Amino acid sequence: MTNSPDSAIGLGLLLPFQIAQLHTALNAQAKAIVSRHGDLNLAQWRIVRVVALGIENTTTPVRKATGIDKSQFSKMLSILEQNGYVTLRPCDVDKRQHVIELTKKARLAHERLGPVLDERQRHLVASLSEEELAVIYKAIRVMAEAAEKTDFAVPPPISEED
């Protein structure tokens, strides 16, 4: 459980640990839901979802929108194609990209699973007030920008000889 006394959240550990714990809990919940409604795994579902919602349909933007690393994304896309969920064709504008097109099988999977995950979204959001939700969305944007910094000026440790 995410907020059990021995979890990062329950222990009051640093924010990155708590975010990781929440991420793990949300993924576990989503995996359980996705696995009950077909043969897609969570990464495959996310690809189908992004394309089905019309958010993106070319490989790099879909990969970035889903947050899947390059090698995993390529593997998931190949499996989706092999299993008849997507077809790929070269992008007319950028030949390095492929356009991801959902098959009837993928659209049916989306019609079956989409409403369940939409209800999950409503459930998660309903646990927060409008003000809390606005703060969370703003905090996520600000933290995402802050997470891009990797160099921090830290003074060298003081040696025992000094």
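Here's a quick walk through this protein, from its overall build to its core and one surface patch.

Okay, first thing to keep in mind: this is a predicted model. The protein has seven helices and two strands. If you start at the N terminus and follow the chain, the order goes α-α-α-α-α-β-β-α-α.

Now, the overall dimensions. The radius of gyration is 20 Å, whereas a compact globule of 162 residues would come out near 15 Å. Along the principal axes, the C-alpha trace spans about 70 × 40 × 30 Å. As for burial, 27% of the 162 residues count as buried. The accessible surface is about 11,400 Å², and carbon and sulfur atoms account for 57% of that.

Let's go inside. The largest nonpolar core has 25 residues, and the ones touching the most other members are Trp-45 and Ile-47. Which elements give two or more residues to this core? They're helix H2 (15–35), helix H3 (42–52), helix H5 (70–82), strand S2 (98–102) and helix H6 (104–126). H3 puts in the largest share, with seven residues.

Take a closer look at Ile-47. Setting aside neighbours within four places in sequence, Ile-47 is in contact with Val-62, Thr-66, Ile-68, Phe-73, Met-76, Leu-77 and Leu-80.

Last stop, the outside. Leu-13, Leu-14 and Phe-17 make up a nonpolar patch on the surface, together showing about 310 Å² of accessible area. Leu-13 sits in the loop between helix H1 (8–11) and H2. So is Leu-13 buried, exposed or partly exposed? Its relative accessible area is 37%, so Leu-13 counts as partly exposed.

Conventions. Residues numbered from 1 in each chain as written. Predicted model: local features only at pLDDT ≥ 70, side-chain atom pairs only at ≥ 80, totals over all residues. Heavy atoms only, no water. Core = buried A, V, L, I, M, F, W, Y, C linked by side-chain atoms within 4.5 Å. Buried < 20%, exposed > 50% of the residue type's maximum accessible area, 1.4 Å probe, protein only. Helix = DSSP H or I, 4+ residues; strand = E, 2+ residues; numbered from the N terminus. Contact = heavy atoms within 4.5 Å. Patch = residues over 30% accessible without salt bridge, like charges linked within 9 Å, V, L, I, M, F, W, Y side chains within 5 Å. Areas by Shrake-Rupley, 256 points an atom, 1.4 Å probe, with all protein chains shown as cover. Salt bridge = Lys/Arg side-chain N within 4 Å of Asp/Glu carboxyl O. Rg over C-alpha atoms; globule rule 2.2 N^0.38 Å.
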